[in-house]
Amino acid sequence: MKQDSDATSPGSALTQQRPRRHRTVPPRINTRKPAQNFECCGLIEGYKDWGSSIPASCNCHYPGKCIRLRGSATLGAPKNQYVYQEPCLPVYFSELKLAFSLAMAVQFGSGVFWVVLLVMSIKLMGQIKRKQEFIALLQSNRYIPGAF
């Protein structure tokens, strides 16, 4: 027991190697990285949500999805910068809708599978019952060979 108390004492080698870390602030959600994947910028009003500090993830390299900023309209953003025109909130909702649709398809397929299994088990129970009745008929005195 003395070794355990020595290992946790303030001067031990174990506590000197690994300092204790306390996290008081929860980690922030990075909203800039998904914007690169979904080719969108901002959340509700597009690039205007960022004000004058538009992040590099909003830079657009695809014609047709871009809008060219003019310095006065963006409150200090660089002139002639191309950014994604579409805000991210509708894109996120469409992705969520797709995920829910896939989940519903899996649930529906699972339901159909279980109904098919139920029907097959009912049929199997009927066949087992008929076989038991046939075996009982064979063992009784009422069986006449060639009647079936």
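## Contacts of Gln 81

Apart from neighbours within four places in sequence, Gln 81 is in contact (heavy atoms within 4.5 Å) with Ile 54, Asn 59, Ile 67, Arg 68 and Leu 69. The side chains of Gln 81 and Asn 59 are joined by a polar contact of 2.7 Å. A polar contact is a pair of N or O atoms within 3.5 Å; within protein, one must be able to donate a hydrogen and the other to accept it, and residues adjacent in sequence count only if both atoms are side-chain atoms.

Gln 81 is found in the loop between strand S1 (66-68) and strand S2 (82-84). Its relative accessible area is 13%, so Gln 81 is buried. Buried means under 20% relative accessible area, exposed over 50%, and partly exposed in between (1.4 Å probe, protein chains only).

## Basis of the model

This is a predicted model, in which local features need pLDDT of at least 70 and side-chain atom pairs count only at pLDDT 80 or more, while totals for chains, interfaces and linings use all residues. Residues are numbered from 1 along each chain as its sequence is written, and side-chain values use heavy atoms, with hydrogens and water left out.

## Overall architecture

The protein has four helices and two strands, arranged along the sequence as α-α-α-β-β-α. Helices (H or I, at least four residues) and strands (E, at least two) are DSSP runs, numbered from the N terminus.

Of the 148 residues, 16% count as buried. The accessible surface comes to about 12,700 Å², and carbon and sulfur atoms hold 61% of that area; accessible areas come from the Shrake-Rupley method with a 1.4 Å probe, and for residues only the protein chains shown count as cover.

## Nonpolar core

The largest nonpolar core contains nine residues: Cys 41, Tyr 47, Ile 54, Cys 58, Cys 60, Cys 66, Leu 69, Val 83 and Tyr 84. Such a core is a set of buried Ala, Val, Leu, Ile, Met, Phe, Trp, Tyr and Cys residues joined through side-chain atoms within 4.5 Å. Leaving out residues up to four places away in sequence, Cys 66 touches Cys 60, His 61, Tyr 82, Val 83 and Gln 85.

## Salt bridge

Side chains of opposite charge can pair when their charged atoms come close. The whole structure contains one salt bridge, formed by the side chains of Glu 39 and Lys 65 (2.4 Å, N to O). The pair links distant parts of the chain, 26 residues apart, with both Glu 39 and Lys 65 in the loop between helix H3 (32-38) and S1. A salt bridge is a side-chain nitrogen of Lys or Arg within 4 Å of a carboxyl oxygen of Asp or Glu. Lys 65 is partly exposed, at 43% relative accessible area.

## Helix H4

Trp 114 belongs to helix H4 (residues 88-139) and, with 55% relative accessibility, counts as exposed. Pro 90 is also placed in helix H4, and its relative accessible area of 42% makes Pro 90 partly exposed. The C-alpha atoms of Pro 90 and Ile 44 are separated by 8.2 Å, although the two residues are 46 residues apart along the chain.
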